[in-house]
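Keep the sequence and the model side by side.

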Amino acid sequence: QVRFSEFSASDAGYLVEHRIFCDWVELHNNSSQPVDLSGYILSDNPGNDKYVFPENTVIAAGGYLTVYCTDQVSDPKVASFGLSRLREETLVLKNRQGQIVELLRTYPNENMAMAITADGQWEATDLVTPGFENTPQGRSLFLLSSGTDVGGIRISEVMAADQLLLKDSFDRFPDWVELYNTLDYPVDLSGWCLSDDPAQPR
């Protein structure tokens, strides 16, 4: 039900609460039911149980969970170990009884994450999607959730001169900007800003 789906050993994850960059591991629940990971164990050594998931750690059906990994902070939601970018390791997930439910051999990879593809193969990528599916759509949703430009919205046309074509509700003919969504799904622009000055979003 729960499997490893992506990980990074290059300190590429930003842990907002503690303002540090660290490694991370993503778990995916590929079942149709939520899975309670309370009491489960995550480690980079099958013979050394390093992190126990706290109570009420649940992955929704079809959902993802990103576990940040660092020994620089003390936080029950953060695994207290890092991943090696220079040598092989074995990531392991155990259930409450200590039985192995998922095992993954990692390989040296200094600057890129590793993600599982739709056909079940692992590949190196710099288009990380922690917390989302490993697809272009997942990448866009991750960027949007992190406050980064979603990448699919374009300014496609601008009118910055007096014109007599498009009248607004006040019978005026204002300047206007047209946005185009290049993606194949709707994008919620709530909270986005449009401005003629990057220093002063409006």
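Start with the cysteines. A search of the whole structure turns up 0 disulfides. Cys 22 is in no disulfide, and the nearest cysteine sulfur, that of Cys 69, is 7.2 Å away. A disulfide needs two cysteine sulfur atoms within 2.5 Å. The gap between Cys 69 and its closest cysteine sulfur, in Cys 22, is therefore too far for a bond. Are these two residues buried or exposed? Cys 22 has 1% relative accessibility, so Cys 22 counts as buried. Cys 69 is buried too, with a relative accessible area of 2%.

This is a predicted model, which raises the matter of confidence. The protein chain has a mean pLDDT of 85. Of its residues, 89% reach 70 or more. Among the elements, strand β4 (residues 41–43) has the highest mean pLDDT, 98. Helix α1 (residues 136–145) has the lowest, 79. Where pLDDT is low, the predicted coordinates should not be read in detail.

Next, the aromatic rings. A pair of rings is described by the distance of the centres and the angle of the planes. The structure holds 2 aromatic pairs. One joins Phe 7 and Trp 122: the ring centres are 5.8 Å apart and the planes meet at 50°, so the pair is tilted. Phe 7 sits in strand β1 (residues 2–15), and Trp 122 sits in strand β11 (residues 122–125). The pair therefore ties together parts that are 115 residues apart in sequence. Phe 7 is buried, because its relative accessibility is 7%. Trp 122, at 28% relative accessibility, counts as partly exposed.

Tyr 51 and Phe 53 also form an aromatic pair. Their centres are 5.1 Å apart, with 70° between the planes, and the pair is edge-to-face. Tyr 51 has a relative accessibility of 6% and counts as buried. Phe 53 is buried as well, at 3% relative accessible area.

Now go back to Phe 7, which also lines a cavity. How many cavities of 30 Å³ or more does a search of the whole structure find? The search finds 1. About 50 Å³ of space lies in the largest cavity. Its lining includes Phe 7, Ala 9, Leu 83, Ser 84 and Arg 85. Thr 106, Tyr 107, Asn 109, Met 112, Ala 113 and Met 114 line this cavity too. Which elements give two or more residues to the lining? They are β1 and β10 (113–116). The lining residues divide into 7 nonpolar, 3 polar and 1 charged.

Two single residues complete the walk. Leu 104 lies in strand β9 (residues 100–106). Leu 104 is buried, with a relative accessible area of 10%. Follow Leu 104 to Thr 90: the two are 14 residues apart in sequence. In space they are 5.5 Å apart, C-alpha to C-alpha.

Asn 56 is found in the loop between β5 (51–52) and β6 (58–59). Is Asn 56 buried or exposed? Asn 56 is exposed, with a relative accessible area of 70%. Its backbone deserves a look. Most residues other than glycine have a negative phi. Phi of Asn 56 is near 65°, a positive value in a residue other than glycine.

Methods:
Residues numbered from 1 in each chain as written. Predicted model: local features only at pLDDT ≥ 70, side-chain atom pairs only at ≥ 80, totals over all residues. Heavy atoms only, no water. Phe/Tyr/Trp six-rings, centres within 6.5 Å; stacked < 30°, edge-to-face > 60°. Helix = DSSP H or I, 4+ residues; strand = E, 2+ residues; numbered from the N terminus. Buried < 20%, exposed > 50% of the residue type's maximum accessible area, 1.4 Å probe, protein only. 1 Å grid on protein atoms, 1.4 Å probe; cavity = no way out; pocket = protein on both sides within 12 Å on 5 of 7 lines; lining within 4 Å. Points joined across faces, edges and corners; volume = space filled by probe spheres on them. Nonpolar A, V, L, I, M, F, W, Y, C, P; charged D, E, K, R; others polar. pLDDT = per-residue confidence, 0-100.
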